[in-house]
Amino acid sequence: MPDGINAGTAARRSVVVQEFTNSVLDPNEAMLGPVEDGGTIIANTAPGCWGPMITPRLRGGHEVTKPIFVEGAEIGDGVAIRIRDITVTSIATASGHDSSPEGFCLGDPYVAARCPVCDTVWPETHIEGIGQDSVKCDTCGNAVKPFEVVHGYTVTFDDTRTVGLTLPKEAAETIAGDADHYSALPDESRQHSILHYAPSDMPGTLIRMRPFMGQLGTCPSMPMPDSHNAGDFGAFLVGAPHDYGITPEQLIEHKTDGHMDIDAVRAGSILVAPVKVPGAGVYMGDMHAGQGDGEIAGHTMDVSGSVTLQVEVVKNYPLDGPVLFPLEEDLPPLAKPFTEVETAKGERLAKRWGVSQIEPLAPISVIGTAANLNDAIENGLARAAKLLDVTVAEIRNRATVNGAIEIGRAPGVIQVTFLAPLVKLDAVGLGDYAREQYGL
């Protein structure tokens, strides 16, 4: 076990998590736990994206939980994560499309925020007033803003957490006056709430809530800023001038694609993530109140919330990235399990044409990431082919006639979602998750 976890420490049936990283996932740091194989993790998560993005002391653009050691998880395994519950606790949040003003970072505003007056990287800051100049450097008093909101909104949620409404300027500023309360920041969080910015460019817009986890996965095998633990954002680390610069080979080897922003990673789904460090290091964060496919504004409604997960080790997992078993209602139309009526029609066709057996099929969604969407698709196709031990050409056909390519996040996170031969899923230890999820 890593430092901080005693070799003789008994694994617990449940672990409650209230601690956060400084936005860097570091396998050399102590993990929480251990939690037993089959155990439960309960966490109170902090908002991702905008709050950490305007908090220069944080080094990764998000604020995620400290990783949790899972008993029995070894390098080369996977961890199946059943998402039992996701509950939004924030009363309000703010978001919008961003820009990065010149001079406020060393190469990457997510990773290395800088005060251009005193030239301090990762300066300590505090809040003075309301608006986009409210984050001030402790050393020189200058406003430090690695990001600005170009067009944004403040949104508050109803008590049932089913809808939100964007607010006019006066109401947004009222909420900004008590930002930590309205964002429900966890006690151990160290971010400045984005509610301090009080954006109000889109008032009176009604929004549906559909919460999910933007970050959920396992610890990369080298220190990596949390928002960059994926093939698209991770590309910004390649050759970077700050302390977390890496090579293209290191990115491929060490990332685990825990930052997906896929809206189907929600309560009731099952995610299987690769294990690249002993104990896996399951972590989570960046809960979103809702998001359209692609997160095309660059950001959505980041919220605090409570999460309950059940984790289970999958031995000898063959992929270096995640696969997802979404809720049936989240599947593309062609990737849904066949109904009894459809199956009966197929059996009549088989009898007519002398087909001895119709192969049993089950939905699966294989995640692909890369610097752009085209390359992410190729990555997802290659992973799916490796998972099923077939050719990429076959995966292209299956995803065309029995599935779809879905966009998780621009610039480069996708899902290759399709009906896969159940016998192939059984061969890699994933068949029973499909049976559980879809009643097969």
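Reader: How far is the sulfur of Cys105 from the closest cysteine sulfur?

Author: A disulfide needs two cysteine sulfur atoms within 2.5 Å. In this predicted model, the sulfur of Cys105 lies 13 Å from its closest cysteine sulfur, in Cys115, so the gap is too far for a bond.

Reader: Is Cys105 buried, exposed or partly exposed?

Author: Cys105 counts as partly exposed, because its relative accessibility is 24%.

Reader: What about Cys115: which cysteine sulfur is closest to its own?

Author: That of Cys140, at 3.5 Å, which is still too far for a bond. Cys115 has 0% relative accessibility and counts as buried.

Reader: How many bridges join strand 11 to strand 12?

Author: Three bridges link strand 11 (residues 148–157) with strand 12 (residues 163–166), and the two run antiparallel. Look at Val155: opposite it, in strand 12, stands Thr166.

Reader: Last, a helix. What span does helix 5 reach?

Author: First the general idea. An α-helix has 3.6 residues a turn, so residues three or four places apart point the same way. Now the case here. Helix 5 (residues 340–353) has 14 residues and reaches 20 Å from first C-alpha to last, close to the 20 Å expected at 1.5 Å a residue.

Reader: Which residue follows helix 5?

Author: Gly354, with a positive phi near 75 degrees.

How values were computed. Residues numbered from 1 in each chain as written. Predicted model: local features only at pLDDT ≥ 70, side-chain atom pairs only at ≥ 80, totals over all residues. Heavy atoms only, no water. Helix = DSSP H or I, 4+ residues; strand = E, 2+ residues; numbered from the N terminus. Expected span 1.5 Å × (residues − 1). Buried < 20%, exposed > 50% of the residue type's maximum accessible area, 1.4 Å probe, protein only. Pairing = 2+ DSSP bridges.
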